[in-house]
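Me: I have a protein model open and would like to learn how to read it. Could you take me through it step by step?

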Amino acid sequence: MDFELDEEQQMMIAGIREFVKQECPAGVVRRYDEAGECPLDLYRKLGAAGWLGLPVPKEYGGAGGNFVAVVLVIEQLAQAMPALASLYFSSCVFGSRSLLLYGSEEQKRKYLPAIASGAMFVGLALTESDSGSDAASLRTRAVKDNGGFHLYGSKMFISAAELSDLLLVVARTSTEKKKEQGLTVFAVEKGTPGVETRRLKTLGRRSIPLNEVILDAHVGQDSVVGGINRGWQNLGKTLEGDRSCVGAQYVGNSQSVIGMLVKYLNEREQFGKPLSAFQVLRHRLADMQTAVDSARLMVYRAAWMVDRGLPCRMQASMAKLMASETYVKIASDGVHMMGGFGYTQDCEMEIHFRDSRAATIGGGTSEIHREIIAREILS
Ligand SMILES: Cc1cc2nc3c(=O)[nH]c(=O)nc-3n(C[C@H](O)[C@H](O)[C@H](O)COP(=O)(O)OP(=O)(O)OC[C@H]3O[C@@H](n4cnc5c(N)ncnc54)[C@H](O)[C@@H]3O)c2cc1C
């Protein structure tokens with residue numbers, strides 16, 4: 001067992017830290033949050049600097065990095081600019097791996113180099129207003145039509161759909177089989193007639209638009225990703241490992257909250273002493289770091305298993321569950337430990353408080369991850 005990062009990993013962390021130091025100065029998170037603007041400009045810069053190609057194999061224009069490397073990069077991005085980490089996960093990890101694991105050779109050649117360069121941003125449209133946790137019961141239909149398919153239905157709570165150059169839309173191609181066996185993934189390119197988006201107003205994550213997507217669109221046969229009626233099986237394969245990356249975001253976010261608290265507790269004085277001298281606050285901070293380190297180790301373990309091709313459904317769910325619940329608790333306690341200041345918009349703690357509430361919902365709720373873990377333990 002080896003807990004040490006090798007030289008290459010250390011250099012990579014130093015490199016991504018340098019990038020965020022240059023491109024994400026103090027106040028940048030607040031600026032995008034207040035404007036309700038997505039940092040796609042920073043995302044493209046990540047592409048130009050070569051970071052987006054990390055999960056993409058060299059033959060498709062990427063750097064061919066392993067999953068542990070990807071997790072380390074996401075963690076650092078999340079610490080500086082949570083929205084960037086989230087975009088990174090959605091497109092470079094989930095998008096590229098979906099195409100890589102079950103896309104056609106033609107789709108790989110067409111889309112992967114664009115994902116790696118940042119020219120293409122990919123989103124997933126799975127959830128619908130009547131099917132969230134029970135995603136397999138979705139009702140958007142794909143009916144054979146004119147040499148391709150006609151998609152009709154609507155999707156709900158889709159991250160950055162309005163900005164996506166490619167949406168991986170999951171639709172029902174058969175009603176005769178079990179609900180999980182009648183689903184297919186379609187690659188729907190931006191500008192396809194009959195695809196409309198509506199922006200939802202949200203509590204947090206205001207720099208990543210959350211959309212409803214209305215579909216009444218024709219797509220070609222070549223838009224099928226991974227075979228007809230194989231969507232659920234393929235998605236499961238991709239999401240299994242990818243959840244460690246979702247966890248990495250929340251580890252980075254939580255570490256950023258702790259960083260803010262350390263500074264504040266050392267600087268703020270009450271009763272003639274810095275707050276960091278009060279044992280109750282010191283211990284709360286110790287508990288926070290302990291929880292974040294537990295989540296971090298779970299995330300690294302799951303990523304390590306992905307790299308070795310080991311089944312890690314339970315370990316990835318554990319990592320996502322632990323990291324998301326830790327982030328929610330730490331962001332909430334963080335507001336309290338900063339007193340009135342933590343409640344104001346003069347400090348970024350309230351952004352974490354708002355943003356963190358999505359962590360235990362998106363990417364599968366805590367209840368669903370507990371179910372996955374329990375099922376694995378009991379099987
Ligand atoms: C910020 C954000 C971004 C998102 N981005 C995307 C995206 O890009 N693409 C996409 O497809 N989807 C996305 N989603 C949707 C997300 O995956 C769903 O919101 C999530 O799966 C939960 O579904 P739901 O909202 O319909 O809640 P429901 O499934 O209705 O659940 C409501 C509550 O009931 C609980 N519950 C449900 N079933 C059970 C059960 N069997 N046992 C115990 N408790 C249960 C849930 O845990 C939850 O607390 C996003 C959501 C958010 C909040």
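Me: How many Å separate the centres of domain 2 and domain 3?
Reply: The two centres, taken over C-alpha atoms, are 30 Å apart. This is a predicted model, in which local features need pLDDT of at least 70 and side-chain atom pairs count only at pLDDT 80 or more, while totals for chains, interfaces and linings use all residues. Residues are numbered from 1 along each chain as its sequence is written. Domain bounds come from an automatic or database domain assignment, which here gives domain 1 (7–120), domain 2 (124–228) and domain 3 (232–378).

Me: How many residues does each side bring to the contact between domain 2 and domain 3?
Reply: Domain 2 gives 10 residues and domain 3 gives 9; two residues are in contact if their C-beta atoms, placed from the backbone, lie within 7 Å.

Me: Which residues are closest to the ligand?
Reply: They are Leu126, Gly132, Ser133, Ser159 and Thr365, from a shell of 19 residues. A residue counts as near if its C-beta atom, placed from the backbone, lies within 6 Å of the molecule. Two or more shell residues come from each of β1 (122–125), β3 (148–159) and α12 (366–378). Such helices (H or I, at least four residues) and strands (E, at least two) are DSSP runs, numbered from the N terminus. Domain 2 and domain 3 each supply at least three residues of the shell.

Me: How do I read a strand such as β1?
Reply: In a regular strand the side chains alternate between the two faces of the sheet. In β1, Val122 and Leu124 point one way, Gly123 and Ala125 point the other way, and all are buried. Buried means 20 or more other C-beta atoms within 10 Å of the residue's own, exposed means 12 or fewer, and partly exposed is in between, with C-beta atoms placed from the backbone. β1 runs parallel to β4 (residues 166–172), joined by 4 bridges; strands pair if DSSP finds at least two bridges between them. Leu124 stands opposite Leu168 in β4.

Me: And how do I describe two packed helices?
Reply: Use the angle between their axes and the distance between the axes. For α4 (residues 67–80) and α8 (residues 279–307), the axes come within 8 Å and cross at roughly 150°. Axes are lines fitted to C-alpha atoms, for helices over the stretch in contact, and angles run from 0 to 180 degrees between N-to-C directions. Among the contact residues are Phe67 of α4 and Trp304 of α8.
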